Amino acid sequence: MDDNKLYNALLKSQDERRRLELKRGEAKPEENFRKERPFAGSDRLKPNWVQVDVDESEHPPTVYDSSVSLELIGNPKPWTREQLRERKIIYSGMPDKEVMDAYRELRIQLRNRAGDQNFVVMFSSLGNRANSVLTAYNLAASFALDSHTSALLVDCDPYNQDLTNLVSMPMRSGVTDFVADKSLSIKDILYPSGVARLSVIPGGTQASSAVELFSAVRMRELISELKDRYPDRCIILNAPPFRESTEARILERFADQIVFGVPFGDVTPEAITDSVDALGSDKFSGLVFQE
């Protein structure tokens, strides 16, 4: 056999060996193939599967499903219609349709301004008297009436305890307690309200140091987590009266939109203009005139 025939025979032998190894599924780096190869052992007749028990708590779901999330919001002690009427809480089918429509219109305007993202609305009164949490509660309830949305009312007015009359469950710790005590978790301060898909966080018991607590890093982390955890939830912050407190000016940094309450007969047009100018922010979204 001459040299050319011997060389061609060697090439033919190498090609046949390469094709045989490829057929067995044993890839080698030096072959530099870009074609996907079957993994070694793919020629087994039966899969060698082993059942593994996994603790679900170690692998929380990463895909958010709003329909499942909304069903999980507890409301163990719902208000009856009569109880809602006594407390002046809005509900579908209430006799005073004009009030219901006013809150629906406010909800629509806030949503249109926010776009597709969930958002935080701060409500604060321009009156000199103690802030009424009822308007903030009803604003949150108007979002919860939408079956595709949930709402959370965070009462940041620890000087006023009126929220206890609007919630069907007893409450203990609140937002100021959470910021002051790092051992508390969010679930320790989150309560069902008595209205479907509406949860509340009370002001807490640390009223004397509220200014410092609202300025703390833990407060900013709390609002960020509340906002980021559920994309279909609207958050309402109820702040102390804007013109009479420092807290409202601190809390405005956490809000995407700000709504002022105007108690009937308590605030002049000049005071409203001065307050909007003092806010000095494009977050101002409108006024709610309160009786």
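Helices (H or I, at least four residues) and strands (E, at least two) are taken here as DSSP runs, numbered from the N terminus.

**Ground rules.** I am working from a predicted model, in which local features need pLDDT of at least 70 and side-chain atom pairs count only at pLDDT 80 or more, while totals for chains, interfaces and linings use all residues. Residues are numbered from 1 along each chain as its sequence is written, and side-chain values use heavy atoms, with hydrogens and water left out.

**Overall make-up.** I looked up the secondary structure and found ten helices and seven strands in the chain. Of its 291 residues, 41% count as buried, where buried means under 20% relative accessible area, exposed over 50% and partly exposed in between, with a 1.4 Å probe and protein chains only. I then checked contacts, meaning heavy atoms within 4.5 Å: among those between residues at least 6 apart in sequence, 76% join residues at least 24 apart.

I traced an open sheet of seven strands with mixed pairing, in the order 3-4-2-5-1-6-7; two strands pair if DSSP finds at least two bridges between them. Strand 3 (191-192) and strand 7 stand at the edges with a single partner strand each, so one side of each has no neighbour in the sheet.

Strand 1 (residues 120-125) runs parallel to strand 6 (residues 257-263), to which five bridges join it, and in that pairing phenylalanine 123 has valine 259 as its bridge partner. Strand 1 is also parallel to strand 5, with four bridges between them, and there methionine 122 stands opposite leucine 237. On strand 5 I also noted six bridges to strand 2 (residues 150-155), again parallel, with aspartate 155 opposite asparagine 238.

Strand 2 is joined to strand 4 by four bridges in the parallel sense, and valine 154 stands opposite isoleucine 201. Strand 3 and strand 4, by contrast, pair antiparallel over two bridges, where proline 192 has serine 199 as its partner. These two strands form a hairpin with five residues between them, and glycine 194 in the turn has a positive phi of about 105 degrees.

**Strand faces.** I asked which residues of strand 5 (residues 233-238) are buried, and six of its six are: Arg233, Ile235 and Leu237 on one side, and Cys234, Ile236 and Asn238 on the other.

**Nonpolar cores.** For these I used sets of buried Ala, Val, Leu, Ile, Met, Phe, Trp, Tyr and Cys residues joined through side-chain atoms within 4.5 Å. The largest has 36 residues, of which Met122, Val154, Phe214, Met219, Leu226, Leu237 and Leu251 touch the most other members; helix 8 (residues 217-229) gives the largest share, four residues. A second, separate core of 35 residues includes Tyr91, Ala136, Leu139 and Ala151.

Isoleucine 250, in helix 9 (residues 247-251), is buried at 8% relative accessible area. It touches Val211, Phe214 and Ser215, not counting residues up to four places away in sequence, and its C-alpha atom is separated by 6.7 Å from that of serine 215, 35 residues apart along the chain.

**Positive phi outside glycine.** Lysine 88, in the loop between helix 3 and helix 4, has a positive phi of about 65 degrees and counts as exposed at 62% relative accessibility. Arginine 197, in the loop between strand 3 and strand 4 (198-201), has a phi near 65 degrees and counts as partly exposed at 22%.

**The largest pocket.** A pocket here is an open set of points on a 1 Å grid over the protein atoms alone, where a 1.4 Å probe fits and protein lies on both sides within 12 Å along at least five of seven lines; lining residues have an atom within 4 Å of a point. Points are joined across faces, edges and corners, and a volume is the space filled by probe spheres set on them. I read off about 950 Å³ for the largest pocket; 30 residues line this pocket, and the closest to its centre are Tyr103, Leu134, Thr135, Gln290 and Glu291. Helix 3 (81-86), helix 4 (97-114), helix 5 (133-144) and strand 7 (284-290) each supply at least two lining residues.
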